Every structure is written in structure tokens, then in C-alpha cells.
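Here is a quick tour for someone meeting this protein for the first time. Have a look at the fold, then read on.

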Amino acid sequence: MAALPPTSRIRRAVLPVALGAGLTAVLAGCAADPDEGTNGVGKLSASAIEEKAQSAADAARSVRLAGTLVSKGGTYKLNMRLKQDGASGSVTTKNSTFELLRVGEALYLKADAGFWEPDDKPSGTPSGPAGEDADGDADGSDGDSDSDAADKLDDKYVKVPQDDPAYKQLRGFTDMDLLLDGLIGLHGDVVKGDRDKIGGLRTVKVKGGEDGEGGTLDVSLDGAPFPLQFARGGGAGVVVLSEWDKDFPLEEPAPGQTVDYGRQLPRT
């Protein structure tokens, strides 16, 4: 085999080196800008990211909120679709699961018969507005009539009177502004955290305190800077926020789907 001319030998030796250097430069260029193709909020300060997320949430018309909240009153597992004029979804507590539907100020609760059984009710439950029990008896008798009443309420919507003590508590699970204000606010000095992915969307974390003791908020880097996940400080629950601005229908249940409870609702 004939020897290559000197220039050919030099070109042959230099070419792989040049290609390797070019590839390194390309990779270095990609790594230098993790925000390329994002909405740009990842370049902002932690407080500015939090403000952008809050503004996006305030302007949204609807959202799905799913996760667990831990409070002094107990642990609640929520799966709610929320918008300004109502909500629908489910709430699970230690002892029960029930559905909520709010259309305007009209609030409905639906649960199985077990939720309405006497053992789930506080003692001294007052009678209905006409002096009747849940089963319609005016004499205050219990026994089998309570079980019969529970069976009639099984999987039916019960309209919650606005003067019932349970109304305010239950309505709170359906109030979009109230839930978001209480869930996506960080406490302490905010710091920027790592990048992550929630539901396939890229996020940047903002933390309340270096260790997230004041909560950790994941803000979307794709599209609008919506909050996508919030981990409450002290292990007080994690909620995922999705389906931002995706509308959904809200209609009051048909008359055949509703039953009048006739007395104060059980505590949840």
C-alpha cells in the first residue's frame, strides 16, 4: 500500500480530533441553557417564580386538585374538579368517602348507606325542621327505622342546607380560590430548587426555606407557569394540580336523584 502524502496523513489525524471537539462544543452549548424551549420562568428568582405561579393560578378558570391534606381535624384525600361557580369530586376521610357537587351556592353530598348509619352520627342529633327524624317519625323513635332511612339515602344526593353547621366545612372543599390560596403559599424565605417533571411537564421547584420546611412548589416550565404540585411543610400532604383551564359541566342533580335528609348532617 502506497504511503499517503504528508498532507493527507495530517488531515486524517486531525479530522477525528476536530469532530470530537465540535461534538463537545455542541453538548456544552446544550447543557449551558436548560431553559431553551421553556416559558423562561426558570431563569427568574425564586420570589418571581412564585409570583408568576400565583398570578397564573389566580387567572385560571378551572383546575383539578388531587392529593392528601393533613390537618388538626384529620387527614383528607381529595379528588376535586374546581371552578369559580362550583365543583364536583370526592373526599375521603378516615371513616368515610363521599361525593360533593356544588352548583353556585347549592351544595349536594352523596354517600353510601354506611355514611348515614346511626353509629356515624353524633349523639343528640337534632330532629328535622318539622320535628321529624330522618325516617319521618314524629315520635323520635330509632331502631330499624334509622337503617331504613340510611338505605333510602344510599347513593342519593342530599342538599346541604346553608344554615347547617356542615355547610361551611363541606363548601370549603369545593371553593377553588379558598383551596388554592391555602395550598400554594410558601412560608419563610423562598429559594429556587431543582428541576423536575410532573405529569410529563418540566418544572422548577421553589421552596420555603432551604429544606422546604415551608412547603415546596413545582411550577411548570412548559406553557403557562401553573403550579403543578405542592408539598406542604412538615409532611402535611401533597397535592397535584392539573387540567388547568379545562372546563367541565356542572348541573344540579335530577329530582329523582335527590333525597331530603331532614336533620343536621353528620360531621365529616
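In what order do the 11 strands of the open sheet run? Going across, the order is β6-β5-β4-β3-β2-β1-β11-β10-β9-β8-β7, with antiparallel pairing. The edge strands are β6 (156-159) and β7 (190-198), and each of these pairs on one side only. From one strand to the next, the twist averages 20 degrees. Strands here are DSSP runs of E with at least two residues, helices are runs of H or I with at least four, and both are numbered from the N terminus. Two strands pair if DSSP finds at least two bridges between them.

This is a predicted model, where local features need pLDDT of at least 70 and side-chain atom pairs count only at pLDDT 80 or more, while totals for chains, interfaces and linings use all residues. Residues are numbered from 1 along each chain as its sequence is written, and side-chain values use heavy atoms, with hydrogens and water left out.

The mean pLDDT (the predictor's confidence in each residue, from 0 to 100) is 81 for the protein chain, and 73% of the residues reach 70 or more. Over residues 120-141, though, the pLDDT is below 50. Where pLDDT is low, the predicted coordinates should not be read in detail.

Now for some neighbours within the sheet:

| Strand pair | Sense | Bridges |
|---|---|---|
| β1 (62-71) and β2 (74-83) | antiparallel | 10 bridges |
| β2 and β3 (86-92) | antiparallel | seven bridges |
| β1 and β11 (238-242) | antiparallel | four bridges |

β1 and β2 form a hairpin with two residues between them, and β2 and β3 form a hairpin that also has two residues between its strands. You can trace a row across these strands: Ala-66 stands opposite Val-240 in β11, Ala-66 has Asn-79 in β2 as a bridge partner, and Asn-79 has Ser-90 in β3.

What about the helices? α5 packs on the sheet, touching β2, β4 (97-103) and β5 (106-111). Its direction makes about 85 degrees with that of β5; axes are lines fitted to C-alpha atoms, for helices over the stretch in contact (heavy atoms within 4.5 Å), and angles run from 0 to 180 degrees between N-to-C directions. Helix α2 (residues 46-59) lies across β7, β8 (201-208), β9 (216-220) and β10 (227-231), at about 60 degrees to β7.
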